[in-house]
Amino acid sequence: MHEGTVIARPRAQIFIERPRLTKLLDEAGARIILLLAPAGYGKTTLAQQWTSGRETVGWYMGGPSMIDVASGLPPDELYRFFAEDLFQSASPRLREAMFLLALAGVDGARTLLGSDHAELLAEAAERGFLTGGEQRVVHPLLRGFLLAKMRDLNEERTQAVIENVVDYLAEHGRWDEALDALEQFPDHELIVSTLNRGLAQVLDSGKIVTVSRWVKLAKRERSDDPLLLLADAEIALRRGDTQRAQALGERAASAISGDLASRGYLVASFAAHFRDSPTETARLCQLALASATSIERTVDALWLNFSNALERSLPEAFEMFERLKKVGAPGSSHALRLRTAEGLLQCQVGEVHAATRYLEIATGLLPEVSDPFARTNLRHFLCYAYLLAARYEEAIAEADRLASESRESALQFGAAYAALRRAGALVGVRRIGQAQRAIDEVQRPTAARPDFISSNAVLQKVRLAITTGDLDRADSLLSREIQGGDRPAFRGETRGYRAIIAAARGDLDTAKKALEHEGEPDRHVEAKALQEVAKSIIAVIGGDGIEPARTALRQSFAQGELDAVVIGYRACPGLVGIAVGTDLETQMVDLLARAHDFDIARANRLHVPREFRTRERLSPRELEVYDLLAQGRSNQEIARTLFISESTTKVHVRHIFEKLGVHSRAEAARLRLTDES
């Protein structure tokens, strides 16, 4: 015992020892006391009983703050002194319990200690090793002390404890704690075997940092197990480093066998898919299928093959879907994928309304599914279906949900898809400024941006240029920036935009030439829809009769391929005119309202009812600004009236224009008058 220091043991022993300790203090002439007592024992009572006028330098009360030191002595040193005293008085069995508490917590110790766990845990709590009342925990300072004591044990005994603890933690999915234990007491074989058990689960939970720590620990132990290559490949894929992911995935797969090899090839094929390389994706998918020994890996490979085929060959996609259905894998994750696949195929054959309803129903399975790939696939393709159907506000909301889930699961490429779809929906709803900023963000150089995103971002710029009436810029973008790779769907979509722009500019020969191409006719939904709209514009402008154009519009409305119609009438507003006075007029008004194209509606003498206006979507402050703007007030006058800065007023005015789908103060004022009348 240090000179002048007294330890007050747990409460049951206090009154027995106080007279003896008081005598010792008097004999030693001690003037300074360190008082240590369990939680709930009041400082005032303790001081009255023990200090007898002596100076008190510290307290241990068993709570979260533990030691309140008045003397400036380091709290961890005081704590170690107290812990050592308690540890030395403990029985060997209690010491073992304390080690388990430090590594696995109370729940783990309860399981690992067996039948006498209740007695041991009660004794640990009585001696002050556990704190926190009912929610008992080992204090971090005590945990560090116990781990240091474990290092004094012989290697065989330490190894036995660690193996039991790590096995328990892994069995219960407590991977971070298992990793903590292995970092404290590293063992090469145990590190790799535990990583093998937990890799998929940890990745699915989005804990990329945990996997990175695991790989770093194994490499520190000089492990060259190919499983580490696979883990590195998985990390690279989720971070969007597709080149590294493909290289590491293939390398890992070549060094292992069975399902792990299949997983390596799947990582590589996903990376190739995101790099817009369908031929490489197909090759790697076949290798993944050939290596798979479980239903789960087989389903993963078939799903990726299906997704890849959608961009290349619809007959092949239907074939893959039939193979997926025959697998008969159990669980909600497979059911969700089948739903997603069927909804996508409905989209591609032109049944967009039916597909959207089907995918919406599939969201009911999400609470039962933890697989982040299956979840984000559904959200992405539902957002895609909303876009095709010109349900732009719903597409924005779904893109936000996709972005949130992708961030939670550390799927950076999922966030990139969400940003692309959100940009498309903002173009659709005529929020010009927001759309431009969203496209700029999508095009910002980053390793996590798949090549597919880059090429499709250019198409969003084309759509935005058409929306603002700048057909020359739209044509220039198609000529200068489009690089479609070897995806037939993308090439067909590009031809559709070229034909629409040329037809709207009156260059009918160029438009017709853009629609001509060798090989299999375009079967993908965007390509077909855009090309049908282009044919309608050619018919209207060329004077070939408007009835075929009306028939094409009826089909578009019936099937739900309406985003192409929006782009078509923005390029050629006269396309709206063929619906006026026909059975198409009501549906056209609804579409114009959803797309915020009120000026095009007015130009064609169509009245959009008040309930379709977006005025209700203005914020309270924007409504105040709008009211003053409609009265003819300048920005300076509005700012003075509302006690805000002029720059803030300009921001509000810009947002109002975007939400109302107007381009000037005069248009906004006219819209207000129309609403009031």
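Two exercises with worked solutions follow.

This is a predicted model, where local features need pLDDT of at least 70, side-chain atom pairs count only at pLDDT 80 or more, and totals for chains, interfaces and linings use all residues. Residues are numbered from 1 along each chain as its sequence is written, and side-chain values use heavy atoms, leaving out hydrogens and water.

**Exercise 1.** Find which residues of helix H26 are buried, and what covers them.

*Solution.* 
Step 1. Helix H26 spans residues 508–515 (helices are DSSP runs of H or I, at least four residues, numbered from the N terminus).
Step 2. Its buried residues (under 20% relative accessible area with a 1.4 Å probe, protein chains only) are Leu 508, Ala 511, Ala 514 and Leu 515.
Step 3. These lie on the same side of H26, because they cover an arc of only 120° around the axis (taken from the directions from the helix axis to the C-beta atoms).
Step 4. The face turned away from the buried side carries Asp 509 and Lys 513, which are exposed (over 50%).
Step 5. The cover over the buried residues includes helix H25 (488–504) and helix H27 (525–542).

**Exercise 2.** Describe the classes of residue that line the largest pocket.

*Solution.* 
Step 1. Sort the lining into nine nonpolar, six polar and nine charged residues. Asp, Glu, Lys and Arg count as charged, Ala, Val, Leu, Ile, Met, Phe, Trp, Tyr, Cys and Pro as nonpolar, and the others, Gly among them, as polar.
Step 2. Look at the centre: Glu 296, Arg 297, Asp 300, Arg 337 and Asp 371 lie nearest to it, out of 24 lining residues. A pocket is an open set of points on a 1 Å grid over the protein atoms alone, with protein on both sides within 12 Å along at least five of seven lines, and lining residues have an atom within 4 Å of a point.

Notes. On a 1 Å grid over the protein atoms alone, a cavity is a set of points where a 1.4 Å probe fits but cannot get out, and a pocket is an open set with protein on both sides within 12 Å along at least five of seven lines; lining residues have an atom within 4 Å of a point. Helices (H or I, at least four residues) and strands (E, at least two) are DSSP runs, numbered from the N terminus. Contact means heavy atoms within 4.5 Å.
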